[in-house]
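Subject: Structure handover and notes

Hello,

Here is the structure we discussed, with my notes below it. Please look it over before reading on.

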Amino acid sequence: MRLITKQAAKLKELEVRRERLVNRVAKLDLKIEEQKEKIAQYYRKQGINV
């Protein structure tokens, strides 16, 4: 029974860790998209179509 409890705790810990990593990646994706938009706006302002 104790092994099951340990495994459940480990699984919960891994799920929490995975969730944090997913959030970090999502945040980076958002930053990349924002940068792409800024670059596109800059080029549009210059009269260059992207």
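Helices here are DSSP runs of H or I with at least four residues, and strands are runs of E with at least two, both numbered from the N terminus. By that assignment Glu34 sits in helix α1.

Two points on provenance. This is a predicted model, in which local features need pLDDT of at least 70 and side-chain atom pairs count only at pLDDT 80 or more, while totals for chains, interfaces and linings use all residues. Residues are numbered from 1 along each chain as its sequence is written, and side-chain values use heavy atoms, with hydrogens and water left out.

Salt bridges

I counted a salt bridge wherever a side-chain nitrogen of Lys or Arg lies within 4 Å of a carboxyl oxygen of Asp or Glu. That rule gives 3 salt bridges. For exposure, buried means under 20% relative accessible area, exposed means over 50%, and partly exposed is in between (1.4 Å probe, protein chains only).

- Lys10 and Glu13 are joined by a salt bridge at 4.0 Å, N to O. The two residues are 3 apart in helix α1, which means a separation of about one helical turn. Lys10 is partly exposed because its relative accessible area is 45%, and Glu13 is partly exposed at 47%.
- Glu33 and Lys36 form a salt bridge, with 3.6 Å between the closest N and O atoms. Here too the residues are 3 apart in helix α1, so about one helical turn separates them. Glu33 has a relative accessibility of 47% and therefore counts as partly exposed.
- Glu37 and Arg44 form a salt bridge, their closest N and O atoms being 2.9 Å apart. Glu37 is partly exposed, with 38% relative accessible area. Arg44 belongs to helix α1 and is partly exposed as well, at 44%.

Tyrosines and the nonpolar patch

How many aromatic pairs does a search of the whole structure find? The search returns 1 aromatic pair. Its members are Tyr42 and Tyr43, whose ring centres are 5.3 Å apart and whose planes meet at 75°, so the pair is edge-to-face. The criterion takes rings of Phe, Tyr and Trp (its six-membered ring) with centres within 6.5 Å; planes under 30 degrees apart are stacked, over 60 edge-to-face, and the rest tilted. Tyr42 is partly exposed, at 48% relative accessible area. Tyr43 lies in helix α1, which covers residues 2-45, and is partly exposed at 34%.

Both tyrosines also belong to a nonpolar surface patch with Ile39 and Ile48, and the four residues together have about 390 Å² of accessible area. Patches are built from residues with over 30% relative accessible area and no salt bridge, joining like charges within 9 Å and nonpolar side chains (Val, Leu, Ile, Met, Phe, Trp, Tyr) within 5 Å. The areas come from the Shrake-Rupley method with a 1.4 Å probe, and for residues only the protein chains shown count as cover.

Distances along the chain

Glu34, which is partly exposed at 44% relative accessibility, is 14 residues from Ile48 in sequence and 19 Å from it in space, C-alpha to C-alpha. Glu33 and Arg44 are 11 residues apart along the chain, and their C-alpha atoms are separated by 16 Å.

Regards
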